[in-house]
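Please find below a colleague's note for a reader who is new to this structure. The points are numbered and may be read alongside the sequence and the coordinates.

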Amino acid sequence: MLVPHESSDDCKVGGYNIPKGTMLLINAWAIHRDPTVWDDPMNFKPERFEKMEVETHKLLPFGMGRRACPGLGLAQRMIGLGLSSLIQCFEWERISAEKIDLSEGHGITLPKVKPLEAMCRPRNAMVNVLQELASSV
Ligand code: HEM
């Protein structure tokens, strides 16, 4: 669910009459899994975002409109930078032959039921860079 909003006037949403003062909750979780909104929603297909102008209005992790998250640009850049640094600098392995359990838990955010445990070791090409970084802290 996104942050609750309150209608400041009588309005209609999706054909429903919403009186002034109603609490409105957007179920982004359901929208992101709705097969009438997304083609094959349960599969990871990053290529669906290649034509960003087509799909962005259906993707709501930051809300939408006037009260959408003003930290969107910062958050997207930091997540990309953080994740790509972890992939570029380290080799990653599972802790056992068992596949990672991706089951979703409950909460304000979407935690994993089983926290991720993984092993990492600096990539050879990155050892010097990481040592220099660590010694400069
Ligand atoms: C992955 C990171 C983030 C996610 C998923 C996220 C998501 C959201 C969502 C869903 C909302 C509510 C939108 C709505 O009312 O419909 C929101 C609001 C807000 N976010 Fe974020 N956010 C993130 C990072 C950030 C960062 C980095 C900042 C600031 C540096 C920030 C500042 C805010 C503020 C100030 C609001 C309230 C905006 C308003 O009510 O007018 N957020 N965010």
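1. The side chain of H5 has an N or O atom 2.6 Å from an oxygen atom of the ligand.

2. The model is a predicted one, in which local features need pLDDT of at least 70 and side-chain atom pairs count only at pLDDT 80 or more, whereas totals for chains, interfaces and linings use all residues. Residues are numbered from 1 along each chain as its sequence is written, and side-chain values use heavy atoms, with hydrogens and water left out.

3. Which residues come nearest to the ligand? They are V3, H5, P61, R67 and C69, out of 13 residues around the ligand; a residue is counted as near if one of its heavy atoms lies within 4 Å. By class, this shell contains 9 nonpolar, 3 polar and 1 charged residues. In that scheme Ala, Val, Leu, Ile, Met, Phe, Trp, Tyr, Cys and Pro are nonpolar, Asp, Glu, Lys and Arg are charged, and the others, Gly among them, are polar. Helix α3 (residues 72-89) supplies the largest share of the shell, 3 residues. Helices (H or I, at least four residues) and strands (E, at least two) are DSSP runs, numbered from the N terminus.

4. The iron atom of the ligand has a single donor from the protein, the SG atom of C69, at 2.2 Å. Donors are N, O and S atoms within 2.8 Å of the metal (3.2 Å for Na, K and Ca); water is not among the atoms, so sites may look incomplete. C69 itself belongs to the loop between α2 and α3.

5. V3, one of the residues that come nearest to the ligand, is in the segment before β1 (5-6). Its relative accessible area is 61%, so V3 is exposed; exposed means over 50%, buried under 20%, and partly exposed in between (1.4 Å probe, protein chains only). V3 and N27 are 24 residues apart in sequence, with 9.8 Å between their C-alpha atoms.

6. How many salt bridges does the structure hold? There are 6, each defined as a side-chain nitrogen of Lys or Arg within 4 Å of a carboxyl oxygen of Asp or Glu. One of them joins the side chains of R123 and E91, at 3.5 Å from N to O. This pair links distant parts of the chain, 32 residues apart: R123 is in the loop between β6 (118-122) and α4 (127-136), and E91 is in strand β5 (residues 90-94). R123 is partly exposed because its relative accessibility is 28%, and E91 is partly exposed at 35%.

7. Strands β5 and β6 are linked by the pair E93 and R121, which are 28 residues apart. Their salt bridge has its closest N and O atoms 2.7 Å apart. E93 has a relative accessible area of 39% and is therefore partly exposed; R121, at 47%, is also partly exposed.

8. K114 and E98 form a further salt bridge through their side chains, at 3.9 Å from N to O. Both residues are in the loop between β5 and β6, 16 residues apart. K114 is partly exposed, with 45% relative accessibility, whereas E98 is exposed at 56%.

9. Salt bridges that share partners connect D39, D40 and K45 in one network. D40 lies in the loop between α1 and α2 and has a positive phi of about 55° although it is not a glycine. With a relative accessible area of 32%, D40 is partly exposed.

10. Is R48 buried or exposed? R48 is buried yet has no salt bridge, and the nearest side chain of opposite charge, D39, is 5.3 Å away. Lys and Arg count as positive and Asp and Glu as negative, while His and the chain ends are not counted. R48 is placed in the loop between α1 (28-32) and α2 (52-55). A polar atom of its side chain lies 2.6 Å from the backbone oxygen of D39, and the side chain of R48 also reaches the backbone oxygen of N43 at 2.8 Å.

Notes. A polar contact is a pair of N or O atoms within 3.5 Å; within protein, one must be able to donate a hydrogen and the other to accept it, and residues adjacent in sequence count only if both atoms are side-chain atoms.
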